[in-house]
Amino acid sequence: MSSITRREFIKLSSVAGAATAFAAACASAPEAPPEQAPVAEPSEKEPKEPVRMALLMDNSLCVNCQSCRLACQNENNLPVSEKYIRFDYVDSGSFPSVRHHVNRHSCQHCSTAPCVDICPVDALYKGEEGFTHMEFETCIGCGACLSVCPFEVPVISQEPESGAPKMYKCNACKHLIVDGGVPACATTCITNAVDYGPWDEMLKKAEDRVAVLRQQYRDATVYGETQQDGLGLILVLRTPPEDYPHLV
Amino acid sequence: MGMDRRTFFKRTAGVAIAAGAIGALDMKAWAQTVKDAPVDKRPSLCNMCTSECGMHIHVKNGRPWKVTGHPDHPVSNGKLCPRAHAGLHWIYDPARVKTPLKRVGEWEFEEISWEQATDEIAEKMREIIDEHGTEAVFGAQYPRATGNVYLPRLMHALGVSTVQTHEATCQAGRRIAMSETMGAAFDADWANSDYLLFIGRNMGEAVRTGTATAFAKAVERGAKVVCVDPRLSQSAAITEWVPIKPGTDLALLLAISNVLVTENLFDRNYISNHTNGFVPFRRHIAEYTPEWAEEITEIPAAKIREIAQDLAAAAPHCAVDTGWKAAVGSCYANSTDTARAVAYVNGLLGNIGQRGGISVPPGVILGTPQFATPDTPDAPRNDGAGTDFPLASPASGLPHVTMERAQEGRVKAGFIRHFNPVRSFPNYDHMRAGMQALDLLVVCETHMSETAIEAHYILPEPSFAEREEVVNAVGPTVAMRTKTIEKVHPDTKSFDEIATLLAEKLGVGEYFAFTLDDWNEALLAEQPITLAELKQSGTLAAEVSDEPVLPAGCGTLVPPAEQAPKTKPRAFLASTGGDLEPVPQLFTRSGRFEFYSREFEQAGFDPIASWYEPKTGLELAANEFRVVHGKQAYHSHAATNNIKILAQITKDYDSNRVWMNASRAAELGVGENDTIRVRARNGRTAEARVKVTERIHPDMLFAPAGYGNRTPYYEVSKELGGFNPHDIAEYQKEPISGHTMMSELIVEVEPA
């Protein structure tokens with residue numbers, strides 16, 4: 001299966017600059033660059049048991065600096081106005097007894113992912129590590145995924161170079177993780193609020209953190225163990241999920 | 001070597017730039033080019049703020065793709081803040097200065113050659129010095145490694161003694177206060193502390209990458225972290241927030257000292273053996289009870305006692321962070337003494353040099369290049385540093401005072417490098433009028449900043465990614481900026497080249513008879529590291545001195561002679577391991593911690609910091625607010641508004657509005673997103689859009705810093721707009737350090 005990410009798609013389409021070349025680049029046609037072969041053939045590597053992985057977002061350490069967003073935009077070569085990582089804010093109380101909470105709003109990478117089921121062109125699929133990836137060139141920007149996403153994540157927007165409508169969402173830096181790398185958001189996080197590792201380890205780390213937080217925040221909770229049969233983006237929250245506009 | 005997916009992406013990406021040359025449809029040739037072009041991960045230092053984080057710039061076909069933190073650099077530790085990622089866009093900013101420019105009208109320029117520019121500058125500079133003397137000239141910069149070598153050298157070679165930095169808008173008060181009490185403005189050992197008290201400092205949004213990481217580490221470890229701030233900042237949000245009435249931090253710190261002393265919670269051994277002046281301090285502090293401070297700060301007396309007692313319980317593995325700008329640097333008339341009071345609490349806790357206390361880390365001492373060096377001139381300064389402001393550091397000077405003297409006709413020429421005082425100092429009109437009064441203003445810059453566009457000549461520099469610089473000692477490492485890509489604008493010259501060229505034209509070339517490589521090799525002479533190795537790696541572990549090293553940082557140029565220790569320290573202890581013997585010798589004149597400062601006394605100030613109000617007082621009328629500004633993590637002062645990818649964050653979160661307390665807003669009939677008109681007591685007015693929030697003290701309007709560029713060359717900034725307090729603030733001079741008192745700004749508010 002050829003899976004071309006947003007980053008790769010842009011390179012191809014911007015080089016070609018013409019619809020014909022665009023088509024040639026997108027299809028596995030003879031004209032396509034030979035470098036695409038390794039992309040389509042992970043069999044070059046030693047076969048190994050796939051390990052379910054997770055991103056962990058500890059919102060109790062986040063200072064909302066936006067470094068993850070920027071690193072992600074560069075890593076995935078997004079247009080300036082598109083971002084895979086957004087934030088929700090919740091304030092409670094009144095001066096001087098005020099609390100301010102943040103939560104990362106990006107693809108939760110559902111195990112049971114309605115977007116994958118509904119996509120009419122099969123652009124969305126689950127990867128071996130458990131994340132929800134997308135073939136950027138296949139996406140027709142129809143918005144069906146948006147209509148079923150429990151977390152209101154997908155954004156439909158015109159791809160600047162081609163003008164075609166496309167869906168934008170976190171791809172878990174697929175091109176990095178297939179080689180054992182770490183998604184850009186986790187690498188750059190200046191407060192170590194973002195981590196990446198085996199799903200079980202990340203869940204354990206989240207539970208340990210919540211146990212500590214509960215001394216101060218009695219409603220602190222891990223979000224992602226059971227929702228949608230388990231999420232690839234696990235959240236540590238200081239307050240109940242229903243406080244946040246995009247959590248269910 | 002096989003090509004992995006990551007490499008593939010980098011390679012395909014890079015070719016997009018060269019597409020025109022390849023031919024749009026020739027995919028096979030394109031693919032071959034892709035295959036042949038390597039992806040290099042080249043080491044450098046970021047330049048998007050003061051911190052100069054070590055990083056790798058990933059370059060493909062001569063074009064940077066992304067940046068990652070240099071894992072060995074002690075400031076980045078493999079991580080990077082948002083501005084570093086946006087640095088790639090900065091390199092290609094349309095507002096870059098591309099060739100030498102000569103002024104032909106207001107904010108209008110013509111392109112000229114380097115030959116013409118340097119000839120004309122040299123001729124005018126000589127005329128001005130001949131007619132008015134070297135006292136009529138100043139040099140000013142944002143002080144960084146290359147500038148710190150070349151700008152003072154050029155000025156001193158000409159006989160000019162006034163060399164300045166931005167510090168009067170930064171940590172001027174703190175630096176003097178800390179120097180006179182505990183010897184230097186050392187950082188706290190955040191990551192290893194059990195109790196941290198921050199006074200106005202916002203570690204998560206005024207970001208130095210490694211500092212934010214250490215701060216979060218303390219939070220994650222379960223250390224008690226308390227942020228005293230009139231505003232619930234992002235840092236306060238992940239810690240315990242103690243709101244305070246703005247401008248009253250000094251009262252809080254004196255009351256904490258009072259509790260530590262009256263409840264016998266101080267470190268007797270440290271006080272007896274390592275401090276001076278405790279007896280008069282003890283008498284002095286008696287009146288500053290928590291009940292007294294509650295009236296001023298609005299922090300309950302019980303909370304003040306709790307903070308003091310918790311600090312004492314954690315001592316010596318605890319610290320009152322020494323701050324940076326905020327309450328202790330250049331905001332209030334009482335900021336310098338607020339910084340002294342921060343030091344007092346640390347002195348009482350005996351935490352200097354202890355794990356989790358005030359960090360006195362080992363450092364690297366670089367070699368001393370032996371090239372011909374001009375004498376330090378004895379010409380009088382034109383900014384009053386050291387005379388009118390006897391304690392003000394001559395290492396950083398007072399650019400706003402120089403602008404006053406320029407308006408009086410006493411200063412005629414300025415030479416500014418990588419520094420934007422017209423936008424970054426209050427007041428904009430004052431600074432601009434000073435620049436306009438000059439007969440010659442030369443600005444070396446990468447961008448058409450508010451200061452550059454007032455120049456007679458703008459000399460263009462390559463961006464951080466395109467140039468090499470002088471080697472830095474950073475913690476236990478040495479690091480340097482390397483050239484990672486070819487010049488984007490070929491007619492730019494790096495500052496070492498510009499200074500050398502001008503020196504030759506000005507007849508002082510003998511002081512520049514070395515190359516940048518020569519200088520760097522001399523710096524590394526004592527280290528087991530070659531320059532070639534350092535260029536290869538960007539950051540390398542170095543041999544650490546067993547003698548103390550003054551902390552580098554914001555505004556540090558050359559430590560003033562009076563800050564040097566009078567006696568050589570007997571030993572030097574790092575802040576590692578368990579409880580340590582106290583640092584035996586501080587950088588103060590006596591080598592001991594000074595509760596009582598003879599230097600302050602001789603200069604006519606309180607030898608021990610006493611309480612006094614901000615200059616603008618604490619009483620506000622029904623429609624008045626104090627304007628306080630502060631950073632967001634994704635902008636650096638006024639330098640980054642024009643970067644689209646950062647401006648987009650501001651747009652997405654509508655984050656350049658001023659914050660107003662919800663109750664005050666309701667009283668005034670101001671709603672969310674409403675525009676207000678603000679009028680300063682000096683009559684100047686401006687408009688601002690409002691974010692109504694519970695997260696701020698009722699007295700305060702919070703202005704996110706750095707918005708409101710005035711240069712017409714910043715197109716993206718124009719889309720953002722925003723309120724900049726410096727437009728309406730007073731030109732002011734705090735008496736002790738001469739700083740700019742940036743939060744001594746009271747405005748009347750009415751709905752627009």
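Visitor: What do strand 2 and strand 3 of chain A form, and how many residues sit between them?
Guide: They form a hairpin, with two residues between the strands. Bear in mind that this is a predicted model.

Visitor: How many bridges hold that pair, and in which sense do the strands run?
Guide: Strand 2 (residues 86-94) of chain A pairs with strand 3 (residues 97-105) of chain A over nine bridges, in the antiparallel sense.

Visitor: What joins A:F95 and A:P96?
Guide: A cis peptide bond, with omega about 0°. A:P96 belongs to the loop between strand 2 and strand 3 of chain A.

Visitor: Which residue stands opposite A:V90?
Guide: A:H101, in strand 3 of chain A. A:V90 itself is in strand 2 of chain A.

Visitor: And what does A:V90 contact, leaving aside its neighbours within four places in sequence?
Guide: A:H101, A:T239, A:D243 and A:Y244.

Visitor: How far is A:V90 from A:C189?
Guide: Their C-alpha atoms are separated by 21 Å, and the two residues are 99 apart along the chain.

Visitor: What is the secondary structure of chain A as a whole?
Guide: Nine helices and 10 strands. Chain A has 248 residues, of which 48% count as buried. Among its contacts with a separation of 6 or more, 61% are between residues 24 or more positions apart.

Visitor: Switching to chain B. Which strands close into a barrel there?
Guide: Six strands of chain B do, in the order 20-24-21-23-22-25, with mixed pairing. From one strand to the next, the twist averages 45°.

Visitor: Take strands 22 and 23 of chain B. How many bridges join them?
Guide: Five, between strand 22 (residues 675-680) and strand 23 (residues 685-693) of chain B, and the two run antiparallel. B:I676 has B:A688 of strand 23 opposite it.

Visitor: Now helices. Where do the axes of helix 17 and helix 19 of chain B come, and at what angle do they cross?
Guide: The axes of helix 17 (residues 399-407) and helix 19 (residues 428-436) of chain B come within 8 Å and cross at roughly 55°. The two helices are therefore oblique to each other. Their crossing is left-handed. Residues making the contact include B:H400 and B:M403 of helix 17 and B:H430 and B:M431 of helix 19.

Visitor: Does helix 10 of chain B span what it should, or what is its end-to-end distance?
Guide: Helix 10 (residues 249-262) of chain B has 14 residues and should span 20 Å at 1.5 Å a residue; its end C-alpha atoms are 20 Å apart, which agrees.

Visitor: Is helix 10 of chain B enclosed or open, and why?
Guide: Largely enclosed by the rest of the structure, because 13 of its 14 residues are buried. B:N264 follows helix 10 of chain B and has a positive phi, near 55°.

Visitor: What is phi at B:H418?
Guide: About 50°, a positive value although B:H418 is not a glycine. B:H418 is in the loop between strand 13 and helix 18 of chain B and counts as buried, with 22 C-beta neighbours inside 10 Å.

Visitor: And B:M741, what is its phi?
Guide: Near 50°, again positive in a residue other than glycine. B:M741 counts as buried, with 27 C-beta neighbours inside 10 Å.

Technical notes. Residues numbered from 1 in each chain as written. Chains lettered and ligands numbered in written order. Predicted model: local features only at pLDDT ≥ 70, side-chain atom pairs only at ≥ 80, totals over all residues. Helix = DSSP H or I, 4+ residues; strand = E, 2+ residues; numbered from the N terminus. Expected span 1.5 Å × (residues − 1). Buried ≥ 20, exposed ≤ 12 C-beta atoms within 10 Å, placed from the backbone. Contact = placed C-beta atoms within 7 Å. Pairing = 2+ DSSP bridges. Axes fitted to C-alpha atoms, helices over the stretch in contact; angles between N-to-C directions. Parallel < 35°, antiparallel > 145°, perpendicular 65-115°, else oblique. Left-handed = near helix turned anticlockwise from the far one by under 90°.
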